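Please take the sequence and the model together, and read the paragraphs below with both in view.

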Amino acid sequence: MDTQTIRTLEQQALGYVPPGPVFHTVDEVAKRLKPEDPVQCIFPDSVRGQAQKFTSLFPGAVLYAVKCNPGPEFLRHMYAAGVRHFDVASLEEVRLVRGLFKNAHMHFMHPVKSREAIRIAYKMGVRTFSLDTAAELIKILEETNSAKDLKLFIRLAVSGNAAAYDLSGKFGAAPSSAANLLRHARKVAHKVGVCFHVGSQCMDPAAYRAAIERASAVIAKAKIKIDVLDVGGGFPATYPGMTPPPLESYMDAVIAAAQPMVEQGVELWCEPGRAMVAAGASMLVRVNLRKGRRLYINDGTYGSLFDAGALNWRYPVRLVRPLVKTGKDSNDPNSRAPSEKMVQFSFYGPTCDNLDKMKGPFLLPEDTQEGDWIEIGMLGAYGAAMQTRFNGFHASIAATVWPEAPPFIFDRAASRQAPAAALKESTALTPNLNAESPTVAVK
Ligand SMILES: Cc1ncc(COP(=O)(O)O)c(C=O)c1O
């Protein structure tokens, strides 16, 4: 089969034109690109599979939280999986989503916005705004000329105790002020809702039940009817040392607690980020130096590994040594079969900053060394999205990996979209297909 036929088959099976070559495995990315800089390896089947799972389980509108991973490829996968609602936090995200999808519904769920952001977002079709103060309500009304088609959501303060990443310290109105805001909003808005966030990576479905009960009490106190209950984000992914109950348990908790409201005609919404995309990407990083059990790698706390550094989250890791010459005792240590003995390492990032270290521990072969690549998994959520350019380091290369997904991705999407068997056999690569994304040169 020639390269053009393979490319056409890949595009048909993927349903879109990927931004650059399609690689069959992450090892192939390392082998062909020999990348000196970190590469975000994206798994389309995983992203789409998880989005489909979420939309089929949740009994209402699913708003993908763009901040979690605003990569256009991810957004396109969401759209292809049927997601039409997007939770946007900034004007930049509004522009990004509108630029990609003319008919997408955007919801500005950040409770504090600039006046300019409110004004321009409204002009660009945004009607949903969240708030947790009277001052923000006034801003929204002033900047939209008291539009009659607003959907206003009062963000309620709820506990973040069950979450690995507590978000309760910044936003959310206390019950009595939330009840007041609801009454005001009911007078001026076309639709009124209550929203909350139980914290990211919420490990206990009961947190949603408690938050919904709190919302019900506030609505009863306000003595108004609401149109929408938005249970926010917080749905978890599986990381080493953090195995949450299955997604179905969270859905059951939401459905049971919201039942009385739903029976009265209230719509349900949610704003998942992490659970939708965490398994959808790995970072392929390279070891620049080894000092004992410390590996100095080319990505770090100021790159895609903020949570590994600041929060000590462990991510699944795997040595990628694709140039192994079997049967030969090569002089090149990166070409030898890796040691079978696994030992604990910590990672140090590329900047000169002292905070740029990731304790781990990360379990890798004992002979991991300079020149080796490491695949760090479960970085589709809050990975590439949080990169800075500190010290001049920035990972801008992305590679589409399909149809394989790495073996350590715990919640790999079950759905494989029947790729042509012949594609698996081929080692040929497609040329760059889309000039809009960073290009990768195949060496
Ligand atoms: C308003 C809002 N909605 C949704 C999310 C997504 O949360 P998660 O990634 O935990 O699902 C966030 C994350 O910060 C948020 O601030």
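The account that follows goes from the domains to the helix packing, then to the backbone and the ligand.

This is a predicted model, in which local features need pLDDT of at least 70 and side-chain atom pairs count only at pLDDT 80 or more, while totals for chains, interfaces and linings use all residues. Residues are numbered from 1 along each chain as its sequence is written.

The domain assignment of the protein chain gives domain 1 as 3-44 + 279-425 and domain 2 as 45-277, the bounds coming from an automatic or database domain assignment. The centres of domain 1 and domain 2, taken over C-alpha atoms, are separated by 32 Å. To the contact, domain 1 brings 31 residues and domain 2 brings 25 residues, where two residues are in contact if their C-beta atoms, placed from the backbone, lie within 7 Å. On the side of domain 1 that touches domain 2, the residues divide into 22 nonpolar, 5 polar and 4 charged; here Ala, Val, Leu, Ile, Met, Phe, Trp, Tyr, Cys and Pro count as nonpolar, Asp, Glu, Lys and Arg as charged, and the others, Gly among them, as polar.

The helices come next, helices (H or I, at least four residues) and strands (E, at least two) being DSSP runs numbered from the N terminus. Helix α3 (residues 44-57) packs with helix α4 (residues 72-80) at an angle of about 45°, their axes 8 Å apart; axes are lines fitted to C-alpha atoms, for helices over the stretch in contact, and angles run from 0 to 180 degrees between N-to-C directions. That angle makes α3 oblique to α4, given that angles under 35 degrees count as roughly parallel, over 145 as roughly antiparallel, 65 to 115 as roughly perpendicular and the rest as oblique. The crossing of α3 past α4 is right-handed, a crossing being left-handed if the near helix is turned anticlockwise from the far one by less than a right angle, and right-handed if clockwise. In this contact Pro-44, Val-47, Arg-48 and Ala-51 of α3 meet Phe-74, His-77, Met-78 and Ala-80 of α4, and the residues divide into 6 nonpolar, 1 polar and 1 charged.

Ala-134, Leu-137 and Leu-141 in α7 meet Leu-181, His-184, Ala-185 and Val-188 in α8, a contact with 6 nonpolar, 1 polar and no charged residues. The axes of helix α6 (residues 115-123) and α7, in turn, come within 9 Å and cross at roughly 45°, which makes α6 oblique to α7. Here Arg-115, Ile-118, Arg-119 and Tyr-122 in α6 meet Lys-139, Ile-140 and Glu-143 in α7, and the residues of the contact divide into 3 nonpolar, no polar and 4 charged.

Which features of the backbone deserve a look? Most residues other than glycine have a negative phi, and most peptide bonds are trans. Ser-146, in the loop between α7 (134-143) and β7 (151-155), has a positive phi of about 50° although it is not a glycine. A cis peptide bond, with omega about 0°, joins Gly-360 and Pro-361, and Pro-361 has its place in strand β17 (residues 357-365). The peptide bond from Trp-402 to Pro-403 is also cis, with omega near 10°, and Pro-403 belongs to the loop between β19 (397-401) and α13 (421-425).

Around the ligand there are 16 residues, of which Ala-65, Ser-200, Gly-233, Gly-273 and Arg-274 come nearest; a residue is near a molecule or strand if its C-beta atom, placed from the backbone, lies within 6 Å of it. The residues of this shell divide into 7 nonpolar, 6 polar and 3 charged.
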